[in-house]
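Open the model in your viewer and show it as a cartoon. The tour below goes from stop to stop, saying what to select and what is found there.

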Amino acid sequence: MEGRFFPNKAALFMMLLTVCIAPTLVQGQGTRVGFYSSSCPRAEAIIRSTVQAHFKSDPTVAPGLLRMHFHDCFVQGCDGSILIDGPNAEKTAGPNRLLRGYEVIDDAKTQLEAACAGVVSCADILALAARDSVFLTNGRSWAVPTGRRDGRVSLASDTANLPGFRDSVDVQKKKFADLGLNTLDLVALVGGHTIGTGACQLFSYRLYNFTNTTSSGADASIDPSFVSQLRSLCPQNGDGTRRVALDTGSPSRFDASFFANLRSGRGVLESDQKLWTDASTKTFVQGFLSGQGLTQLDFNTEFAKSMVKMSNIGVKTGTNGEIRKICSAINA
């Protein structure tokens with residue numbers, strides 16, 4: 001594997017074997033690659049073409065769909081509950097109000113219902129759309145196990161376990177561990193911030209009166225030159241909804257430059273920057289930076305493995321859940 005050291009050929013063979021069978025190892029809950037190969041053979045192609053069409057006219061849907069899948073899986077498992085409309089539904093909760101890309105899922109669902117009604121779940125559409133979004137932004141594709149069914153419950157009050165932008169590394173690790181994800185998964189999945197933007201309201205507090213240990217009053221972990229740059233984009237008492245790239249210099253390309261920015265004190269979100277300042281996560285950040293750290297890691301490979309692992313959190317299969325007719329509402 002690229003970027004790893006192996007003492008002998010046997011070790012290399014075992015690692016290659018592990019990578020090849022990794023998707024199978026995480027399919028114990030009833031999902032499998034190619035679930036729709038007979039029941040709806042064009043399912044993945046329809047979803048892919050739909051995401052491509054929307055991406056062509058609005059590239060911001062790619063990070064939007066990736067975030068949406070993440071937020072879906074962390075609440076009630078990967079069951080499409082984030083898609084449900086309602087006054088107290090998940091999408092109304094604070095951490096979810098800025099999510100985007102719902103229209104892509106609705107479009108794909110409409111086409112899939114015309115091709116094979118009642119077969120493909122909204123949860124699977126979202127999982128596949130997230131994968132396709134990474135590929136469209138120059139990331140690597142991977143095989144997505146499918147067969148999820150849609151949940152019938154969506155409550156804003158269930159979103160407390162979503163990772164937050166002020167979370168310490170210990171809090172982040174606990175939230176991930178509670179769902180069966182380890183520290184490497186945490187660092188790899190947060191690396192998804194290599195594409196997309198964040199609103200000023202999520203980080204501008206770091207720029208003004210954050211501490212008295214720096215002459216500027218800004219968070220000491222931020223590179224001073226970056227403070228000036230961020231202040232020009234997010235002036236004090238300015239428009240909190242203005243969006244700023246989370247991966248400075250490469251916001252539209254899925255790559256490891258996000259980690260280089262953390263090393264340089266240019267992480268926009270406080271929770272992201274802490275991955276560099278905490279020893280338990282820093283080792284993995286270094287691993288994703290070519291030629292650094294005790295363990296060299298390939299970001300695309302590890303991200304794909306962690307995505308497959310995450311996408312199997314609390315999935316509903318068999319007779320659990322339902323196949324929604326429209327993704328924004330449970331069936332009557």
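## Stop 1: the listed binding site

Select D247 and show its surroundings. Leaving out residues up to four places away in sequence, D247 touches H193, T194, D255, S257, F258 and N261. Keep in mind throughout that this is a predicted model.

Two of those neighbours matter for the next selection. An unreviewed UniProt entry lists T194, D247 and D255 under "binding site". The three span 62 residues in sequence, yet no two of their C-alpha atoms are more than 9.5 Å apart, so they gather at one spot.

Where in the fold is D247? It is in the loop between β2 (243-245) and α9 (257-263). Color D247 by accessibility: D247 is buried, with a relative accessible area of 0%.

Now move to D255, which lies in the loop between β2 and α9. Is D255 buried or exposed? Its relative accessibility is 19%, and the cut-off for buried is under 20%, so D255 counts as buried. Show the contacts of D255, again skipping neighbours within four places in sequence: they are T194, D247, S250 and F299. Draw a distance between the side chains of D255 and S250 to find a polar contact of 2.8 Å.

## Stop 2: the disulfides

A disulfide is a covalent bond between the sulfur atoms of two cysteines. How many disulfides are there? The count comes to 4.

Begin with C40 and C116, whose disulfide has an S to S distance of 1.8 Å. C40 lies in the loop between α1 (9-25) and α2 (43-57), and C116 in the loop between α4 (102-115) and α5 (122-136), so the bond ties together parts that are 76 residues apart in sequence. C40 is buried at 3% relative accessibility, and C116 is buried at 11%.

Next, select C73 and C78. Their sulfur atoms are joined at 2.0 Å. The angle about this S-S bond is 120 degrees, which makes the link of C73 and C78 right-handed. Both C73 and C78 are buried.

Then go to C200 and C234, a disulfide with its sulfur atoms 2.0 Å apart. C200 is in the loop between β1 (197-199) and α8 (224-233), while C234 is in the loop between α8 and β2; the pair links distant parts of the chain, 34 residues apart. With -70 degrees about the S-S bond, the link of C200 and C234 is left-handed. C200 and C234 are both buried.

The pairing then reads 1-4, 2-3, 5-8, 6-7.

## Stop 3

In soluble globular proteins, nonpolar side chains tend to be buried together. Select F259, F303 and M310: these have the most contacts inside the largest nonpolar core, which has 67 residues. The largest share of this core, 8 residues, comes from α5.

Zoom in on F259. Not counting residues up to four places away in sequence, F259 touches V187, G191, V285, F288, L289 and F299. A second, separate core has 14 residues; to find it, select F203, L207, A218 and I222, which are among them.

## Stop 4: helix α5

How far apart are its end C-alpha atoms? They are 21 Å apart, which agrees with the 21 Å that 15 residues should span at 1.5 Å a residue. Step just past the end of α5 to N138, which takes a positive phi of about 75 degrees.

## Stop 5: W276

W276 is buried, with a relative accessible area of 15%. Leaving aside neighbours within four places in sequence, W276 is in contact with L262, R263, K282, V285, Q286 and L289. Pick the C-alpha atoms of W276 and R263: they are separated by 6.3 Å, although the two residues are 13 residues apart along the chain.

How values were computed
Residues are numbered from 1 along each chain as its sequence is written. This is a predicted model: local features need pLDDT of at least 70, side-chain atom pairs count only at pLDDT 80 or more; totals for chains, interfaces and linings use all residues. Side-chain values use heavy atoms; hydrogens and water are left out. UniProt positions are given in the numbering used here, feature names are shortened, and annotations may be inferred rather than shown by experiment. Helices (H or I, at least four residues) and strands (E, at least two) are DSSP runs, numbered from the N terminus. Buried means under 20% relative accessible area, exposed over 50%, partly exposed in between (1.4 Å probe, protein chains only). Contact means heavy atoms within 4.5 Å. A polar contact is a pair of N or O atoms within 3.5 Å; within protein, one must be able to donate a hydrogen and the other to accept it, and residues adjacent in sequence count only if both atoms are side-chain atoms. A disulfide is a pair of cysteine sulfur atoms within 2.5 Å. A nonpolar core is a set of buried Ala, Val, Leu, Ile, Met, Phe, Trp, Tyr and Cys residues joined through side-chain atoms within 4.5 Å. The expected span of a helix is 1.5 Å times one less than its number of residues.
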